[in-house]
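Q: Please take a close look at the ligand site. What lines it, and which polar atoms reach the ligand?

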Amino acid sequence: MTRSILTLILILFTIVFAKAQTAMTNVDARNSTCLNGKWQTIIDPTGVGNWREVWKEKVPEKKTDFYEYSFEGGPVLEVPGDFNSQIKEITYLEGTVWYKKTFTYTRDSSKRLFIHFGAVNYLADIYLNGEHLGQHEGGFTPFQFELTHKVLEGENRLIVKADNSRKSDGLPGLGFDWFNYGGITRDVNLVETNATYIDDYSIQLKKGSNNQVLGWVKLNGKKPQQQIEINIPELNVKYKTQSNAKGIGVITFKGKFDHWSPENPKRYEVIIKCETDALKDTIGFRTIKVQGPTVVLNGKSIFLKSINIHEENPLKGARAFSKDDAKLLLTWAKELGCNMVRLAHYPHNEYMVKMAEKMGLMVWSEIPVYQHIEFSTPGVEDKMDLMMREMIKRDKNRCGVVIWSLSNETYSSTANRDLALSNLTKKCRALDSTRLITHVINTQGYANNTFNVWDTLYRYSDIISINEYVGWYEPWQGKPVDTKWDLIYPDKPVFISEFGGEALYGSNYGPKDEAAYWSEEYQEQIYKDQIEMFKTVPNLVGVCPWLLVDYRSLGRMHPIYQKGYNRKGLLSEKGEKKKAWFVMKNYYDKVSSDE
Ligand code: GCB
């Protein structure tokens with residue numbers, strides 16, 4: 001093979017397989033131009049735009065020329081935002097929408113330029129001025145591409161192919177119980193940096209210490225060796241160090257921290273500086289650990305009063321992405337009496353995590369390793385690894401995040417599950433030893449009024465997180481208060497990560513003690529029974545109803561009661577409180593936080 005053929009193959013390979021970079025930390029604090037707003041689109045349900053090479057935006061040159069696509073005259077969509085909820089005809093689209101935005105840029109040779117996406121669901125291909133920059137897979141984590149040597153002086157055309165088709169080897173896979181909102185669902189920013197910039201940093205308390213920070217700063221650029229400085233003005237902290245040839249500077253200093261907690265969500269302004277860059281963050285400090293069968297926050301055991309939340313604005317029937325959306329959902333969580341939110345089943349937008357922390361809500365963050373994942377298909381482990389890294393890179397400085405959840409309801413019968421998830425757990429711990437790690441499982445047996453919690457995957461979990469729907473998917477096998485437990489790891493803390501049942505707000509169709517009529521009373525009784533049952537759970541460290549608010553899910557097809565909604569919310573999609581809300585609120589108001 002001649003050299004030129006080899007080069008051609010290499011070029012083709014990089015074009016097809018060019019991957020996004022993991023996004024710089026704390027994009028909010030960067031020098032950026034927001035590209036949110038109106039984007040032109042081409043709706044491409046069959047994916048034919050690939051073959052037509054839509055990104056080239058060909059225009060007729062001769063009288064006989066024509067092209068069967070154009071951004072001009074097409075629908076204009078709001079970014080961020082899912083496409084399904086913006087155009088009625090594509091409500092159920094699981095396929096491609098091409099997005100286009102033009103921007104002007106004045107080049108400055110001393111600067112670098114990046115395009116940063118908060119998230120695109122699910123597969124994103126990015127083109128600048130007709131050139132394919134690369135691809136990103138995963139609908140819920142940020143990514144970036146460097147444009148420094150590609151951006152043109154003056155006008156530039158940015159095209160995004162957003163494809164939310166389900167993939168059997170995707171994360172999640174083919175089946176999931178939430179609405180598959182597609183498109184550019186989070187903020188888009190052009191970020192300008194100096195030639196060497198602060199790409200990432202970790203500033204949290206060292207594991208086991210309540211006053212010593214252990215972390216690092218990572219520079220990206222041609223001048224990796226620099227003086228690094230961390231300032232926390234309120235604490236008179238002025239720490240200096242030097243980064244090495246790889247651009248990494250280790251940080252370790254002490255401070256008299258007023259610890260962050262749900263009752264006292266104290267955070268500090270932290271300034272991170274090197275010789276060529278500086279940015280600010282708002283960071284809190286706390287310790288979290290498992291001690292015997294308890295969860296201990298800042299040295300005190302704590303009961304996790306949690307609630308499951310999907311990233312959906314129920315009032316709009318759309319993907320949640322803004323500060324206002326976060327405020328809506330989290331204000332309800334606070335009103336319910338929660339001190340924690342389980343952000344199910346994928347990393348939610350950054351506003352949600354930051355606002356939860358600010359409001360004094362601990363956060364459980366999860367990657368979409370959900371139910372039927374093809375653990376043995378080549379490439380799947382790499383995707384899990386990448387999504388976990390992207391989640392941790394973005395949120396590791398949020399002290400509010402106390403739990404990384406690495407899987408939900410996977411099945412022991414799936415080939416390679418335990419090996420893949422134990423590897424993932426090891427990598428997660430190596431990246432972040434300070435938080436708790438969990439796997440959520442629902443494989444337990446329930447017979448003779450006894451739960452048999454046997455799944456060996458719990459070995460890799462700091463907390464035994466159990467999803468159980470007794471009273472809904474399976475009937476009680478005795479009095480809730482007489483429930484017995486057989487736990488594979490009897491010394492670990494136990495968390496009921498999901499329970500509940502469905503009710504249509506105001507349903508008055510039939511007998512209230514029959515599940516098939518979706519009455520509020522039926523759901524209310526499930527909650528009363530579950531609360532009785534909680535008294536029997538050994539090492540119980542918290543509970544988490546499924547879930548805060550009714551949400552869209554296409555598998556929920558009952559035409560009278562569900563209408564495309566999973567009705568397990570304590571609130572209806574209009575925010576109306578069901579009877580079970582008050583039962584749960586009463587429980588949370590009474591149960592002590594420090595169990
Ligand atoms: C579960 C899943 C959750 C579902 C819920 C349900 O176990 O983890 O995603 O939506 O059950 O409503 O059945």
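A: A polar side-chain atom of Asp177 sits 2.4 Å from a ligand oxygen atom; a polar contact here is a pair of N or O atoms within 3.5 Å. Arg556 also places a polar side-chain atom 3.2 Å from an oxygen atom of the ligand. For Tyr469, an N or O atom of the side chain is 3.3 Å from a ligand oxygen atom. The protein covers 95% of the 320 Å² of accessible area that the ligand has on its own. Accessible areas come from the Shrake-Rupley method with a 1.4 Å probe.

This is a predicted model, in which local features need pLDDT of at least 70 and side-chain atom pairs count only at pLDDT 80 or more, while totals for chains, interfaces and linings use all residues. Residues are numbered from 1 along each chain as its sequence is written, and side-chain values use heavy atoms, with hydrogens and water left out.

Now the whole shell. The ligand is surrounded by 14 residues, each with a heavy atom within 4 Å of the ligand. The closest are Asp177, His345, Glu409, Tyr473 and Lys568. By class, the shell holds five charged, five nonpolar and four polar residues. Asp, Glu, Lys and Arg count as charged; Ala, Val, Leu, Ile, Met, Phe, Trp, Tyr, Cys and Pro count as nonpolar; the others, Gly among them, count as polar.

Conventions: Polar contact = N/O pair within 3.5 Å; in protein donor to acceptor, adjacent residues only side chain to side chain.
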